Amino acid sequence: MPYKVAFSFADGKTLFCQVQGNEILLDAALRSGIKIPLDCREGVCATCQGRCESGQYTQDYVDDEALSAQDLAERKVLTCQTRVQSDAAFYFDFDSSLCGSAGPASLQGTVSRVQQVSPTTAILHLETGAVGAALDYLPGQYARLKVPGTELRRSYSFASAPGASQLQFLIRLLPSGVMSDYMRERCQVGDVIELEAPLGAFYLRHVDRPLLLVAGGTGLSAFLGMLDQIAVQGGCGQPVHLYYGVRDAADLCELARIAAYAERIPGFRFTPVVSEPDADWTGKTGYIAAHLDVAALRDQPFDVYLCGPPPMVESIKTWRSDHGLEHSRLYLEKFTESNS
Ligand code: FES
């Protein structure tokens, strides 16, 4: 017997579909034209996540870096792994418009520049011509790039605002990794790279509260895209505080670009935090959560955006609940080092 499932979204819209017995929820949604953002379809990336508000379900495989035990207790689900066992309702923390687009497009970009911006980070610039300039993505979303000379794909957040003449991606250079090896050893201006975009449900919502942006490592990429867009608009009418955590001070990158936001975005503040500093570092040390201003945030509604590795994301989530700051709205994107 088919079940009736409701999908409700942050913009207040609700869409319905029928799910056949034992059918994967995501497949049923796609069959009904509800294009839930997705990527891996293997229970790993968490792009397709929602929260069950009523009804019974099971999940096939959920990677523990996609959803924590706490997430599972809160009935968060990965729709690519979910099978409903009754009529049910699910909530998604993004607007329904994200599900109605034509979905990700496949395109090609030509490498126009490779910028090594720290010993561990490079920015890949891709010229995509009119197709790329017209690519309809939201700052914070990501693209999946096919690594030249391989069949492997890796995902990177846009470090440029939509409509820019070139796409930019911040890429962490691991000691060994398929994209890292390509960037270090083979990448040349003129190389053609296939990509699929836009992907993901992490994006800058309408801003009506102060913004707390927390980046770990190359998680900065998503915020560069968002801040470029805010800067182009001359600000967002709210204060914006960017925290940027890295292990070593030498890993900090794009500092001149970030400093320029202070000129272009009223109320912009920036705090870099280094977890394993050498003797020359005079700024904040340790982990970002230790430096967040709880007193200032306790009575102030705010939106927090997190993008970085799972331990950083989990530490900020814990900080938020430990200090009773659930009145803030939380949006997050976790990534793993295998992304590089
Ligand atoms: S699409 Fe990656 S977890 Fe569902």
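## Burial and helix H4

A residue is called buried here if 20 or more other C-beta atoms lie within 10 Å of its own, and exposed if 12 or fewer do. In this predicted model, helix H4, which covers residues 178-186, has Met179, Ser180, Tyr182 and Met183 as its buried residues. Viewed down the axis of H4, these buried residues fall within an arc of 165°, so they line one face of the helix. An α-helix has 3.6 residues a turn, so residues three or four places apart point the same way. On the other side of H4, Glu185 and Arg186 are exposed.

## Strand pairing around E8

Strand E8 pairs with E9 in the antiparallel sense over 7 bridges, and the two strands form a hairpin with 2 residues between them. Within this pairing, Val111 has Leu126 in E9 as its bridge partner.

Strand E8 also pairs with E13, again in the antiparallel sense, over 6 bridges, and here Ala105 stands opposite Ala197 in E13. The peptide bond that leads from Ala197 to Pro198 is cis, with omega near -5°, and Pro198 is itself found in strand E13, which spans residues 192-199.

## Overall architecture

The protein contains 8 helices and 19 strands, and the chain is divided into domain 1 (3-99), domain 2 (105-199) and domain 3 (211-339). The C-alpha centres of domain 1 and domain 2 lie 29 Å apart. Along its principal axes, the C-alpha trace spans about 65 × 50 × 35 Å.

For 340 residues, a compact globule would have a radius of gyration near 20 Å, and the value of 20 Å for the protein agrees with this. Buried residues make up 43% of the 340 residues. Of the contacts with a separation of 6 or more, 71% are accounted for by residues 24 or more positions apart.

In soluble globular proteins, nonpolar side chains tend to be buried together. In this protein the largest nonpolar core has 95 residues, and those with the most contacts inside it are Phe169, Leu213, Val214, Ala215 and Phe223. The largest share of this core, 7 residues, comes from helix H5, which covers residues 220-232.

When residues up to four places away in sequence are not counted, Phe223 touches Leu213, Ala215, Leu242 and Cys307. Two of these partners, Leu213 and Ala215, are also named among the residues with the most contacts inside the core.

Arg75 has a positive phi of about 65° although it is not a glycine, and it is found in the loop between helix H2 (69-73) and strand E5 (76-78). With 15 C-beta neighbours inside 10 Å, Arg75 counts as partly exposed.

Glu254 likewise has a positive phi, of about 60°, although it is not a glycine, and it is found in the loop between strand E15 (240-246) and helix H6 (255-264).

Conventions: Residues are numbered from 1 along each chain as its sequence is written. This is a predicted model: local features need pLDDT of at least 70, side-chain atom pairs count only at pLDDT 80 or more; totals for chains, interfaces and linings use all residues. Domain bounds come from an automatic or database domain assignment. Helices (H or I, at least four residues) and strands (E, at least two) are DSSP runs, numbered from the N terminus. A nonpolar core is a set of buried Ala, Val, Leu, Ile, Met, Phe, Trp, Tyr and Cys residues joined through C-beta atoms within 7 Å. Two residues are in contact if their C-beta atoms, placed from the backbone, lie within 7 Å. The arc is that of the directions from the helix axis to the C-beta atoms. Two strands pair if DSSP finds at least two bridges between them. The radius of gyration is taken over C-alpha atoms; the globule rule is 2.2 Å times the number of residues to the power 0.38.
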